[in-house]
Amino acid sequence: MFKKNKHGIQIKTPEQLEKMRAAGLVVGRTLQLLRESVRPGMTPLDLDGIAEKAIRDEGAIPSFKGYQGFPATICASVNHEVVHGIPGDRRALQEGDIISIDCGAILDGWHGDAAVTVPIGEVDPKLTELMRVTEEAMWRGIAVLTVGRHLSDIGHAVEKYVRSQGRYGIPQEYGGHGIGTEMHMDPWVANHGKPGRGPRFEPGMCFAVEPMVNLGTDRTKVLADDWTVITVDGKSSAHFEHSVAVTDDGPLVLTALDGGAERLADLAKDPEQVI
């Protein structure tokens with residue numbers, strides 16, 4: 001049995017958060033390895049093999065493999081693929097592509113989940129800016145995970161930042177989630193909305209914060225494989241994610257190698273950046 005609050009959100013003890021952190025670090029190190037490994041000529045399936053070996057070498061289990069029938073260790077979404085791309089070997093990555101890599105691991109019964117979008121060589125400046133905006137929006141959402149604030153403050157912070165940066169699409173039907181003894185737990189975490197709504201944050205709550213931002217429309221569709229989500233206008237999409245714990249000392253980014261300390265300290269220098 002695990003403690004839950006009145007809204008059914010799992011509350012972790014300090015000891016359980018240590019285990020969450022250990023699982024998160026497996027994911028963080030795996031994504032760092034994938035960032036360093038990716039290059040033109042590789043296939044998404046090549047990256048999947050690297051990820052599975054890295055996770056298993058740490059004594060962990062890939063969260064995604066076999067999850068509701070998903071056949072791989074990572075989700076690999078290239079260019080106009082938004083999320084849940086199945087790694088394959090039919091098309092090699094090319095200079096100018098971007099690839100979103102979503103990765104999860106289970107260690108000692110606890111889950112970590114994170115995602116990055118990586119450029120393949122030199123890319124169009126519009127794609128560089130898309131990735132910057134998406135990653136920064138994620139950090140703005142993470143920064144509001146402080147005791148007493150509301151669940152909807154995450155989505156509001158994400159949306160407010162993205163809207164301030166230009167005409168981008170935020171897919172309405174995809175978002176983050178609670179995480180702990182399962183990869184996907186209540187509550188769902190929107191990437192849009194008004195602030196001050198929903199459950200208040202308590203120490204021991206953990207959430208995956210994961211904005212997806214499109215270069216064009218927010219409209220998406222799912223391919224015939226029943227997994228891969230693409231933009232309907234064919235324009236590129238970026239995706240960043242971290243698993244985060246609420247603590248009395250502020251957000252602890254479980255899947256960041258430094259716990260999020262550097263980036264959150266930068267945001268704290270200018271309180272107006274955090275709503």
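Is Asp108 buried or exposed? At a relative accessibility of 57%, Asp108 counts as exposed, where exposed means over 50% relative accessible area, buried under 20% and partly exposed in between, with a 1.4 Å probe and protein chains only. The structure is a predicted model, in which local features need pLDDT of at least 70 and side-chain atom pairs count only at pLDDT 80 or more, whereas totals for chains, interfaces and linings use all residues. Residues are numbered from 1 along each chain as its sequence is written, and side-chain values use heavy atoms, with hydrogens and water left out.

Asp108 is found in the loop between S4 and strand S5 (110-119), strands being DSSP runs of E with at least two residues and helices DSSP runs of H or I with at least four, numbered from the N terminus. Its phi is near 55°, a positive value in a residue other than glycine. A positive phi, near 65°, is also given for His84, another residue other than glycine; His84 is found in the loop between strand S3 (81-83) and strand S4 (98-107) and is partly exposed, with a relative accessible area of 27%. Most residues other than glycine have a negative phi, and most peptide bonds are trans. A cis peptide bond, with omega about 5°, joins Asp186 and Pro187, and Pro187 is found in strand S7.

Strand S7 belongs to an open sheet of 5 strands in the order S7-S6-S8-S13-S14, with antiparallel pairing, two strands being taken as paired if DSSP finds at least two bridges between them. Strand S7 (185-189) and strand S14 (250-253) stand at the edges with a single partner strand each, so that one side of each is left without a neighbour in the sheet. On average, and with direction ignored, neighbouring strands of this sheet are turned by 30° against each other. Within the sheet, strand S6 (residues 176-178) and strand S8 (residues 206-209) run antiparallel and are joined by 2 bridges; the bridge partner of His177 in S8 is Ala208.

Strand S2 (residues 74-78) runs antiparallel to S4, to which 5 bridges join it, and Val78 stands opposite Ile99 in S4. In a regular strand the side chains alternate between the two faces of the sheet. Both faces of S2 are covered, with Ile74, Ala76 and Val78 buried on one side and Cys75 and Ser77 buried on the other.

Turning to the helices, the axes of helix H3 (residues 125-143) and helix H4 (residues 152-164) come within 8 Å and cross at roughly 150°, where axes are lines fitted to C-alpha atoms, for helices over the stretch in contact, and angles run from 0 to 180 degrees between N-to-C directions. H3 and H4 are therefore roughly antiparallel to each other, a term that applies to angles over 145 degrees. The contact, meaning heavy atoms within 4.5 Å, is made by Arg132, Val133, Glu136, Ala137, Arg140 and Gly141 of H3 and by Ile154, Ala157, Val158, Tyr161 and Val162 of H4. By class, this contact has 7 nonpolar, 1 polar and 3 charged residues, with Ala, Val, Leu, Ile, Met, Phe, Trp, Tyr, Cys and Pro counted as nonpolar, Asp, Glu, Lys and Arg as charged, and the others, Gly among them, as polar.

Helix H1 (residues 14-37) and helix H2 (residues 44-57) pack at an angle of about 145°, with their axes 10 Å apart. Their contact is made by Val26, Thr30, Leu33, Leu34 and Ser37 of H1 and Leu47, Ile50, Ala51, Ala54 and Ile55 of H2, and by class it has 8 nonpolar, 2 polar and no charged residues.

How values were computed
Parallel < 35°, antiparallel > 145°, perpendicular 65-115°, else oblique.
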